[in-house]
Amino acid sequence: MQFSEKWLREWVSPQQDMAAFGHQLTMAGLEVDAIVPVAPPFQGVLVGEVLSVVPHPDADKLRVTSVSTGTETLQIVCGAANVRVGLRVPVATVGAELPGGLKIKQAKLRGVESFGMLCSEAEIGLAETADGLMELPADAPVGASIRDYLQLDDNMVELGITPNRGDCLSLRGLAREAGVLNRLSVCTPEIVPVKASHDETLAVSLVAPGACPNYVGRVIRNVNAAAETPLWMTEKLRRAGLRSISPVVDVTNFVLIELGQPMHAFDRAKLEGGIEVRMAHAGESLELLDGQVVTLRPDTLVIADSKKPLAMAGIMGGQGSSVSTETRDIFLESAFFDPLAAAGKARSYGLHTDSSHRFERGVDFRLQADAIERATALIMDVCGGEAGPLTVAHSLPHQPERAPITLRAERITRLLGFAMPAAEVDDILSRLGMVVVAQDGGWLVTPPSWRFDISIEVDLIEELARIHGYNNLPVTAPRADVRLAPQSETAVTEARLKRLLVDLGYQEAITMSFVEPGLLAKLDPASTPLALANPLSADLSVMRTTLWAGLLKAVLHNQNRQQPRVRLFETGLRFVPAKDGLRQERMLAGVVSGTVNVELWSHIKKDIDFFDIKGNIERVVALLGASDRVGYKSSAHPALHSGQTAEMEMNGQSVGWIGALHPNLLADLGLVGPVYLFEICLEQLGEGRLPAFAELSRFPEVRRDIAVLCGRDVPAADILASVREVAGTELRDCRLFDVYEGQGVASGQRSLAIGMIWQHPERTLQEDDVQARVDAVVDRLKTRFGVSLRD
């Protein structure tokens, strides 16, 4: 929204400069984007009248003119083609300073004295370029300062009006806001109904009353469409960002900026029958004022006569019924179009106009008659003419409703942080044009017809805060009873888990919960993921059922940027469809690739393997206090390499997976392998274990090592579990410290070396005690697994 400061001050004039006034508007929610002077500084330029024009004796393209400035007659040499006797123009006298620092001096041009300069719009800063002298109206006062005559000590102000404040897309709306903010009355132009001088009317039929419940029209005869728009109007329009087109169009644009009501004028001679406000018929087309031809859709509201569409309602008129310089009679319309019906229609045709901009945001539905009376009076002042009676079409059942809103005093206090006096509440809302009725504990408030953004209680409270002044709201520290939530001593926080993984060389990743359907189908083919109704893109259209989808993409991203060693982990939700709805499970997942250690002269270069990542997971499980409850068994997963996959189990339930990414998936994703993955369900692991004090034994440890031969298919974890079962309560540690296959060991077998450490808390263990426990371990292993001791 752009407007002239002087034009606004004709309505309401706060006692502050434009900078302070602009700040006030901005703080009230009407952001001032720019304040630009109408004209740059200059001085010494007067209104002059050309008295005579004779050819220059030594130059074909120059003229020697005699120009009156009211107090003296000056000889000025001029080269403009449009200079002529009787023309009134800006005259820069000797000593004048023009924009850009140009100073006018007495000079000789080809031997002829020149005492000044006749100016174009460009030379006084009113235009970028000009073809000739600036021609002033014939009644311009000779000798007057051009700055005073054109009111150039003015500013063009541009506001960034938010979509909810369509009521401020006019001088009337802005003046109303300024009046409320500064407690000033608004000087509105007097709108007097124009008396009809003939009785011609056009029948108006509201075929689509839901989209257009109000339509007002009037026939004006014998207008002079070739008349010249007065300078005061063209200047106001120019400073509002609109160029002068023709007197009738200029008047409708003037009323648009002044009152906020879009209007349109039709050439009466080009209309056939009455006016119909209806939806477009299939196959209809219309040539618009900008020359393009559009094919109308059936959901588009049009203004039509009995034979054809005339205009796209609330968007743009048609070329076939437009007003031209030959027009004698016009039909002037002013209508209200429902914002929901208008929303998006212009953009769907690739259009955006001043009219559509306003109708989409909401135009005062009680303004149409006043607007047409104002436009009629201006047209008759500029173009002459004879006005007919108003044709008013209303559909009462489809009028916008303004339902009363209950406003509670305690709600104001709770949201604004202080108790606003009842008198101030009543005063602010009343000055905003609302009907306020006091009741117990508050007020019943009815919004005005021009406010489409007020429908609930908080909207009213926002208005109170806005007008009271956001900077004037008291600063009150919030108070609340704060109670510390109990913290479980056995709980292991995610932050602690993350610190552990960071200590192990991992980096945390955060990936999208929306993933590519194709990739997810390869990683988790057994699940049917939840598809998004409005996906960001086809590659992000389903909810993840495993965190691996995002992590693998992150590995690929890093490998493509010369990062061969990648260690990433992520905590987050996976979304698993279930019979009772969508199940959301908290997961910890990770991915590793590259070498075990960073590249360093003292490190042995070794690629990561299954047991490296399994060791990391065992550290996580140990932190959770579940080492003795979580087991690992060889299993199969569609995304993992057979033979390098382990399923984690606790109490007979699967709680996670570890393994190498399947070679087929490595190739499909373009990854450099091997790549190892893990994923653990944190919720199923539960809480950790509370540490318990145990006194250190003062007696020595006793260690015995055994090497047993067993089948390659016997899990070492099962053997160690059996050792712990029968080795007695004094067993402090049991570890597998060597695995051997090769010479001396039969094919299909392997040798497992197990170290066992005993320590008694109250005495020194004797050889017989230890040997008995070793024998019990060996007997159990022979019975259960068929092992034999290795020599």
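What follows is a short chat about a pocket and a pair of helices in this predicted model.

Reader: What volume does the largest pocket have?
Author: In this predicted model, the largest pocket has a volume of about 1,600 Å³.

Reader: And how many residues line the largest pocket, and which lie nearest its centre?
Author: The lining is made up of 39 residues, and those nearest the centre of the pocket are Lys-614, Glu-618, Tyr-632, Ala-716 and Ala-717.

Reader: Which element gives the most to that lining?
Author: That is α20, which contributes seven residues to the lining of the largest pocket. Helix α20 spans 716–726, and among the other elements that each supply at least two lining residues are α17 (610–623), β32 (630–634) and β33 (640–650), along with β37 (731–740) and β38 (749–758).

Reader: How do the lining residues divide into nonpolar, polar and charged?
Author: For the largest pocket, the lining holds 16 nonpolar residues, 15 charged ones and eight polar ones.

Reader: Changing topic to α5 and α6, at what angle do they pack?
Author: Helix α5, residues 231–239, packs against helix α6, residues 247–259, at an angle of about 55 degrees, and their axes are 10 Å apart. The two helices are therefore oblique to each other.

Reader: Is the crossing of α5 and α6 left-handed or right-handed?
Author: The crossing of these two helices is left-handed.

Reader: Which residues make the contact?
Author: From α5 the contact uses Trp-232, Met-233, Thr-234, Lys-236 and Leu-237, while α6 brings in Asp-250, Val-251, Asn-253 and Phe-254. Taken by type, the residues in the contact of α5 with α6 are five nonpolar, two polar and two charged.

Notes
Residues are numbered from 1 along each chain as its sequence is written. This is a predicted model: local features need pLDDT of at least 70, side-chain atom pairs count only at pLDDT 80 or more; totals for chains, interfaces and linings use all residues. Side-chain values use heavy atoms; hydrogens and water are left out. On a 1 Å grid over the protein atoms alone, a cavity is a set of points where a 1.4 Å probe fits but cannot get out, and a pocket is an open set with protein on both sides within 12 Å along at least five of seven lines; lining residues have an atom within 4 Å of a point. Grid points are joined across faces, edges and corners, and a volume is the space filled by probe spheres set on the points. Helices (H or I, at least four residues) and strands (E, at least two) are DSSP runs, numbered from the N terminus. Ala, Val, Leu, Ile, Met, Phe, Trp, Tyr, Cys and Pro count as nonpolar, Asp, Glu, Lys and Arg as charged, and the others, Gly among them, as polar. Axes are lines fitted to C-alpha atoms, for helices over the stretch in contact, and angles run from 0 to 180 degrees between N-to-C directions. Angles under 35 degrees count as roughly parallel, over 145 as roughly antiparallel, 65 to 115 as roughly perpendicular and the rest as oblique. A crossing is left-handed if the near helix is turned anticlockwise from the far one by less than a right angle, and right-handed if clockwise. Contact means heavy atoms within 4.5 Å.
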